[in-house]
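Hi everyone, thanks for coming. Let's walk through this one together, starting with a hairpin and ending with the cores.

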Amino acid sequence: MKTRSFVTGLVVCFLVFVAIGGVIRTLNAGHHRPEGAAERWLAAVSDTTRKGVRDDAVKRAEKIGPVSVAAPLIPAETHDKGAFPDLEVGKATVNGTTARVPYQLHQRDVDEPKVGVIVLDKAGNDWHVTSLDARQPAEHVPSEGGAPPSSAPVGLWVVAIVGGLLVTIGASALVEWTTRSARNSLATA
Amino acid sequence: MAQPRGNGSKATSKSVKKAPAKAASVKKAATPTAKRSATSPAKPRKTVATAVATGVPLEFEPTIAAVSEPELPRDEGYLRLLLLLLISAAFFEGYDSSILALLLPNIQSTFHVSEAVLGLTRIPIELGLFVAFFVTRLSDRVGRRPLLLWSVVGYTLFTALTAVSWNIWSFAFFQFGSRIFLGAEYAVGVTMIVEEFPAARRGRALGTLLTFAALGTIVVGVLLGAGLQDGPLEWRAFYLIGLLPLLALSFYRRRLRETRRFLEEKAKRDAGQSVEKVPFLEPWKPMYRRNLVLVGLIHMLRSIPLFGSTAWWAFYAERERGFSSGEVAVYIIAAYGIGCVGYYVCGRSMERWGRRPTAMVYFAGGIFFSIVLFQVSDKVVSFFGLMLAVFFGLGMGPVMSSFATELFPTEIRGQAAAWIRNWFEIAGYVFGPALVGILGDHSTGAIGNIGDTVTLLMVLQIPTLWLVWRYMPETKGMELEDIAEREVAVVTT
């Protein structure tokens, strides 16, 4: 293979990656899920008891919702570690500009999980935590059998299968082309 | 959860078996010159030195049959010491990669970043392995020993700096540096084994190295289960623990000697004898292009979902399935225990039933059980899903290594394997975790679900089944020379 052909190949690969990046950026645009905001808020609240990162954690949490709202969740003693060793959120129930996100978390050194609902309000594109609430019967996190916060729509699964077929066809074509081009090159050599 | 390098011992067993025959012919040769002409010419020998040094991992260890025995054998004690010292390279290759994968939620928490940013930082980090490809090539010029020692120093330095990272980008930069030196250390370690061990024992020595790469992952799981991440230094302690044995090894490695084959080559250079070197683009020549693209595509399509899934499983288990850190650790330890069996069974299957059927079964099993793993919520099913996903998904290393090596003639085998590894498969290291992080971001991702994103990416592996079935030649029971002749015939007729 000549260096020029190699460089051309590299440029084509680079352009393909740029195009894929552009598609992904377009697909990601406009998504602002209350579940993600609730999860980040809980993670930030958990960090407010960690040594060395407290101030920053408070800032992060306050951007999404008041830390004072989380007071019932924070255990009495955390030994300067995160307040919640693990946390999980479930699918939100959205009603107009209000969302209810079920959560389950373990407080530091407490065996029994803490469960409840985080209530968020939408302002512009962003969701903000306003209060905590008790769960209603249908509100569960995935590990309790509840729905995941988000999932791929059926259409996307179809697109993925079609995409897989296209990749198969493209890969086959590439292998066939390399075989032909090799034969041509050897024939003319 | 990092992927240990594939098992080269089975894939190269044929090469190992061939070596004594070559050694026998060497003994018949009266002089070193005659010996070379009777076994392998100067060009392939240089290729061996270059190829193995250019970042070819265990999975692609390519050139055992091509390396003829040097004049002075190493004593048993030195070989044992050499293996013991080089094991650290493989161990920390598994250990270091696993820290990043298994402690992702902790690292995310410390640096307060989204899943998308976490995914993006994996790009520069994993590109370190790509750079290692070029760094390792220096070992042909400066020698194996100095490059190995400097790579230990470099890896130690960047690992220490990783422990004191102040934000996600400093973390990414230090991990990038660490990957460069770790990749170089690993590749030079493999080179030294290949160049120093007698042919009949190289496969076993390399197999031992591979086992320790898996052990590195298991040790991270054990430390995770012991709660090291809950200590005052949190995840940073994992990097600092990695320093202690390395500092000791830096001292003991002074007992390492330069390999005899490198000294032989250096003497030839000093004497003004030209040593032919395989050009960088040699594997792209018409004769080999088809197989390079075919095997490269199979590696790339496998690696993107594979590394996306291994990098994010711990995060997925904790945040989307409600696993505790302790449960994740137990699952990892058990899964990697079974995963080692997957390597063994794969090696035996490809010898008994052939490369193609083994690859088909392993690809199908890997896809199926990965989808089960990332779709079910039941923890018992998840446990078996993880074990079998590792068994099939990672355990197919031997058959992948046979594809990457057996289809190419000896004089370009190493270069071809390096291309497949460092250009095609690296796409998986770089883009797999990034795609999952960006698309699966719980707040802004188009899919917003790590489990579904990984499952969708698994679709990419389905074309590999077709490519193997339609195009991949069977090489079971064939000598390497016969395979090379047949492959040339495929292209020319």
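First, a term: two strands pair if DSSP finds at least two bridges between them. Helices (H or I, at least four residues) and strands (E, at least two) are DSSP runs, numbered from the N terminus. Please keep in mind that this is a predicted model, where local features need pLDDT of at least 70, side-chain atom pairs count only at pLDDT 80 or more, and totals for chains, interfaces and linings use all residues. Residues are numbered from 1 along each chain as its sequence is written, chains are lettered from A and ligands numbered from 1 in written order, and side-chain values use heavy atoms, without hydrogens and water.

So, the hairpin. Strands β4(A) and β5(A) form it with two residues between them, and Gly124(A) in the turn has a positive phi of about 70 degrees. Their pairing is antiparallel, over seven bridges, with Ile118(A) opposite Leu132(A). β4(A) also pairs with β3(A), again in the antiparallel sense, over eight bridges; here Gln104(A) stands opposite Val115(A).

Now, which residues touch the most other members of the largest nonpolar core? They are Phe171(B), Trp313(B) and Leu467(B), in a core of 108 residues. Such a core is a set of buried Ala, Val, Leu, Ile, Met, Phe, Trp, Tyr and Cys residues joined through side-chain atoms within 4.5 Å, buried being under 20% relative accessible area with a 1.4 Å probe, protein chains only. Helix α14 of chain B gives the most to this core, 18 residues. Apart from it lies another core of 25 residues, including Val67(A) and Val89(A). Happy to take questions!

Terms used: Buried < 20%, exposed > 50% of the residue type's maximum accessible area, 1.4 Å probe, protein only.
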